[in-house]
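Let's take a walk through a protein model together. Have the structure open as you read, and start with a question about one of its strands.

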Amino acid sequence: MSAPKTSSAALVLGAIGIVYGDIGTSVLYAIKEIFGHGHVPFTIENVYGMLSMIFWTMTVIVSIKYVVLVLRADNEGEGGLVAMLALASRAVVDRPKLRNGLLAVGIFGTALFYGDGVITPAISVLSAVEGLEVISPHFKGYVIPITLVVLFCLFAVQKRGTTGIGKFFGPITLAWFLVLALLGVSQIVTHPEILAAVSPHYMVRFVWDNPGISFIVLGAVVLCVTGAEALYADMGHFGKRPIRIAWFSVVMPCLVLNYFGQGALLLGDPSAVTNPFFRMAPEWALVPLVVMATAATVIASQAMLTGAFSVTRQVIQLGYLPRLRIEHTSARSAGQIYIPFVNWALFVCIVLAVVMFRNSSNLAAAYGIAVTTDMLITTVLTFFVIRFAWKLPLLLCIGATAIFFLIDFAFFASNLLKLPQGGWFTVMIGLAVFTLMITWKEGRRLMGETQRADAIDLRSFLGAVFVSPPARVEGTAVFLNAEPGSVPNALLHNLKHNKVLHEQNLFVTVRNHEVPWIPMDKRIEMEPLGHHCWQVIVHYGFKNDIDLPRALENARLRGCQLEPMTTSYFLSRDVVIPTLGSGMAPWREKLFAQMHHSASGAANFLNLPNNAVVELGSKIEI
C-alpha cells in the first residue's frame, strides 16, 4: 500500500516542478504590470478590484477550464495542443473542409507556441534578475548582461540533458511556492482586510465603473495565468490526478497568498508598486530571494524548452516539418530529447528579445498574444472533440464551451492592443514557423502526387525481374520507400549498377498517425510479394521514437530472418519536382526546395549513431 502513495507523491512533486514552473513565476511581474503603465489609477478600491480579478481569472481559466474540464479531453492519455488537434481532426475526418480548417487553426496555434517559448524565458529570467535593482540602483547596468549569461548557460547545458539536475526541480519549485506563501502571509497579517478581495463583487464593481480600462487591463491580468497550457501539455508525463492535486493543494493557495500579500503591501506602501514582489521581502532576504527567483525562472524556462523539443518532434512526426537531428539525452527515458537546431534558434530569438525590449515591463507588452490565442484555439478544438468524438448533445457542447470562448476572446482582443508595443514580435515568430510548416506539408503532398503519377507498380516489376532473375547475394536489403506498392529509385539504381539482388528484400514505408502511441505488437504490417520479398508498412504515433531496425526485428516472426551485420539499408533519393500550372507559389516552391535539401534526416530517421554520415541514394551497412 505504501508504494502507490510514494509514487503518487513523487508525481505530484514532479508536476509542481515541471508543470507549474511558468505560472509560479508570474508573481514576479503580474501586479507590477497592472499598475505600472498608468492605465489603472492607484486607489484602494482598484487594488481590491484587481486582486479580485486575478483570483477569479485563475479560478475560471485554470481551475475550472483546464484542471477540471480540459484535462478530460486526453488523446490516449496524452495532452497538449498537438494531441487535441489530432483528436479533433480524427473526429471530423468525414468532413474534409472542416478538418482542413481545424488543422490550419491548430497548426497556427502550435506555431505560436514557439513565440511563447521565446518570451517566457526572457521575461521570467529578466524579471528575477531585476530584483538586483531593489537591492541597489547601481546594479541596473548589470541586469541585462547577467540575464544573458544565465540564459546562455541554460541553453548550453541542454545537450547534456536534465537527468542529473531534473530530480531537484520538484523540491526547488516546492520551496519556491512555500516562500511565495510565506512572503504573502507576512504582509497579509498587517492588513488582513485584503482577504475580502476574494469576493467577486469587487471585480464586478471595477468593471462596471471602468469598462474601458477593464478591457485594456485584461492584457496585464492574463499574465497571472501564463503557463496554464502546460497543465494540459504535460498530462501524459504525470497524469490528471497528480496535476490536479498539485494545483489545488499547493500551487493555487501559494499564488493567491502571494498576490494578496502584494495587495496588502500596496495598501500600506503605495510606493512599492514599482516592484511589489521584491519589496515584500526584508532587506536581509533580498539577495537569497533574487537567487531563488532566478533558479525558479530557470526551471520554468527549462520546462518550456523541454516542451519545445517535444512539440517539434510531434510536429515532425505529423509531417509538418523536415526531419531534424534529435539526440536522446537519457538512456532510461525516451522522452528526454535534445534538438540542436531548435535549441539555438530559440536562444538567438531570446537574445534579440532581451536586447530589444531591455526590461520585463517592455517584454510584458509582447507577452500574452500567443498565450491567449492558444487558449482560444484550445477552446474551439474542445468543442469539436466533445461534439463529434464524444457525441454529446449540441446544446450541451455549446453551453460548455461558449462561456470559456467569450472569456478567452475578451483576453485575446485585449492583447491585440499590444501589437504595436511588442506583440508583433511573437506574432512574427509564429507566422514564420506557420509558413514553414504549411509549406513543408504542401510541398510533400505535391511531390508525393507527382511521384505516384510516375510510379511503377512494385509487384508487376518484381514479376518481370524474376522472369530472368539477377544474381542473388547473401543478406537482407531494406529499401525505404515513401509510397507502398511502388518501385523505389534505390532498387532501380541497385539493379542498374550492381546487377544483383539480396537474398531477402524488404520494401519499407513509414506511416505516421494522429495518435500519440502505437504499441510494438501493432507496429509492423507485412505483405509477401514472393521470391523472399516483402512489402512492409511500419506505423508510428506522433510521440513514438522512429527506430526502424528495432521495429523490423518483428519481421523475424513472419518468416524473414534479419541479421544486423548483413542488413543493408537503401535510401531512395527524393527529387524536388517543379510544379506546373496549379501548385505552390514560386516563392513557396523555392522555400520548400531549400528546406528539402537542407533537411538532414537520413541518419536520424534510421536512428543511426550521431557520427554516421549518410548520403541520400547511397547504401549503408549497419
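This is a predicted model: local features need pLDDT of at least 70, side-chain atom pairs count only at pLDDT 80 or more; totals for chains, interfaces and linings use all residues.

Which residues point one way from E6, and which the other way? Cys533, Gln535, Ile537, His539 and Gly541 point one way, while Trp534, Val536, Val538 and Tyr540 point the other way. In a regular strand, side chains alternate between the two faces of the sheet.

The protein averages a pLDDT of 85, and 87% of the residues score at least 70.

Strand E4 (residues 500-513) runs parallel to E6, joined by nine bridges, and valine 510 stands opposite valine 538 in E6. Strand E5 (residues 524-530) pairs with E6 in the antiparallel sense over six bridges; there, proline 528 stands opposite tryptophan 534. The hairpin of E5 and E6 has two residues between the strands, and histidine 531 takes a positive phi near 60°.

Finally, look at two helices. The axes of H5 (residues 81-91) and H6 (residues 96-129) come within 10 Å and cross at roughly 180°, which makes the two helices roughly antiparallel. Where they meet, H5 brings residues including Leu81 and Val82, and H6 brings residues including Arg99 and Leu102. By class, this contact has seven nonpolar, four polar and one charged residues.

Conventions
Residues are numbered from 1 along each chain as its sequence is written. Side-chain values use heavy atoms; hydrogens and water are left out. pLDDT is the predictor's confidence in each residue, from 0 to 100. Axes are lines fitted to C-alpha atoms, for helices over the stretch in contact, and angles run from 0 to 180 degrees between N-to-C directions. Helices (H or I, at least four residues) and strands (E, at least two) are DSSP runs, numbered from the N terminus. Angles under 35 degrees count as roughly parallel, over 145 as roughly antiparallel, 65 to 115 as roughly perpendicular and the rest as oblique. Contact means heavy atoms within 4.5 Å. Ala, Val, Leu, Ile, Met, Phe, Trp, Tyr, Cys and Pro count as nonpolar, Asp, Glu, Lys and Arg as charged, and the others, Gly among them, as polar. Buried means under 20% relative accessible area, exposed over 50%, partly exposed in between (1.4 Å probe, protein chains only). Two strands pair if DSSP finds at least two bridges between them.
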